[in-house]
Amino acid sequence: MSYPVSFEADFSERRNRLTAFFRLILAIPLLIWLYLYALVASVAIVIAWFAIVITGKYPRGLYDFVAGYTRFVTRVIGYSVLLCDPYPSFAGSDDPAYPVRMHFDGPLEHYSRARTFFRIILMLPVAVMRYVIGLMLEIGAVAAWVVIVLTGKMPRGLFEMMVLANSYTARSDAYIYLLTETYPPFQDAQTRAAGISSPPPPPGQPAVP
């Protein structure tokens with residue numbers, strides 16, 4: 001069974017040296033908006049917690065709002081750490097054209113009241129792992145910044161390592177924000193496919209351009 005929250009990132013080798021050099025400055029408007037967005041999202045998550053504990057259901061409107069916030073956080077992180085070059089929108093709606101994407105299967109028919117009630121305890125291992133993975137992502141971002149500024153290219157191996165880190169961060173946020181009840185995996189089919197070229201065609205079959 002696939003995980004109900006998926007992460008995808010498109011690999012692009014050629015990068016813009018100038019925007020990479022000033023990436024943290026360019027990300028400032030996004031970070032300001034993220035702070036304001038987080039204030040509202042925090043209230044929504046608290047309301048969702050009460051709703052699930054009382055009714056066993058995650059109201060669809062709250063779910064979509066928190067999912068949008070999680071999607072926006074993921075895009076900001078992806079842009080800030082040089083996983084992609086295009087500037088993300090300030091909305092949390094789904095954007096299949098953006099190179100860093102999250103997909104949510106939608107709220108469950110029924111949530112465990114007990115798991116939700118004790119989520120702040122259950123999420124501790126996830127939070128610790130997220131912190132460690134975050135350090136790995138930051139180290140990868142520094143390495144990517146140096147390489148891109150010098151060469152204008154993103155190494156595929158470094159990209160794949162950063163995809164793995166960013167995907168776990170995104171899924172752990174979804175778990176912490178009550179969007180799923182399952183501990184986040186390190187990778188799934190989407191993560192393994194991200195940034196990896198298509199497999200070679202069978203003998204006698206032409207390659208796909």
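Me: Why is Leu178 called buried in this predicted model?

Reply: The relative accessible area of Leu178 is 4%. Buried means under 20%, so Leu178 is called buried.

Me: Where is Leu178 placed?

Reply: Leu178 is in the loop between α8 (156-176) and α9 (189-193).

Me: What makes the phi of Leu178 worth a remark?

Reply: Phi of Leu178 is near 75°, which is positive, and the residue is not a glycine. Most residues other than glycine have a negative phi.

Me: Which value of phi does Leu82 have, and where does Leu82 sit?

Reply: Leu82 has a phi of about 75°, again a positive value in a residue that is not a glycine. Its place is the loop between α4 and β2 (100-104).

Me: How do you know whether Leu82 is buried or exposed?

Reply: Leu82 has 2% relative accessibility. The cut-off for buried is under 20%, so Leu82 counts as buried.

Me: Why is Thr70 called buried?

Reply: Thr70 has a relative accessible area of 0%. That value is under 20%, so Thr70 is buried. Thr70 is found in helix α4 (residues 60-80).

Me: Which residues does Thr70 touch, leaving out those up to four places away in sequence?

Reply: Thr70 touches Met102, Phe104, Ala170, Asp173, Ala174, Tyr177 and Leu179. Leu179 is 109 residues from Thr70 in sequence, while the C-alpha atoms of Thr70 and Leu179 are 9.5 Å apart in space.

Me: What volume does the largest pocket have, and which residues are closest to its centre?

Reply: The largest pocket has a volume of about 570 Å³. It is lined by 26 residues, and Ile77, Ser80, Val81, Leu137 and Glu138 are the closest to its centre.

Me: Which elements give two or more residues to the lining of the largest pocket, and which gives the most?

Reply: Two or more lining residues come from each of α1 (17-21), α2 (23-26), α3 (28-55), α4, α7 (124-151) and α8. The most come from α7, which gives nine.

Note on methods
Residues are numbered from 1 along each chain as its sequence is written. This is a predicted model: local features need pLDDT of at least 70, side-chain atom pairs count only at pLDDT 80 or more; totals for chains, interfaces and linings use all residues. Side-chain values use heavy atoms; hydrogens and water are left out. Helices (H or I, at least four residues) and strands (E, at least two) are DSSP runs, numbered from the N terminus. Buried means under 20% relative accessible area, exposed over 50%, partly exposed in between (1.4 Å probe, protein chains only). Contact means heavy atoms within 4.5 Å. On a 1 Å grid over the protein atoms alone, a cavity is a set of points where a 1.4 Å probe fits but cannot get out, and a pocket is an open set with protein on both sides within 12 Å along at least five of seven lines; lining residues have an atom within 4 Å of a point. Grid points are joined across faces, edges and corners, and a volume is the space filled by probe spheres set on the points.
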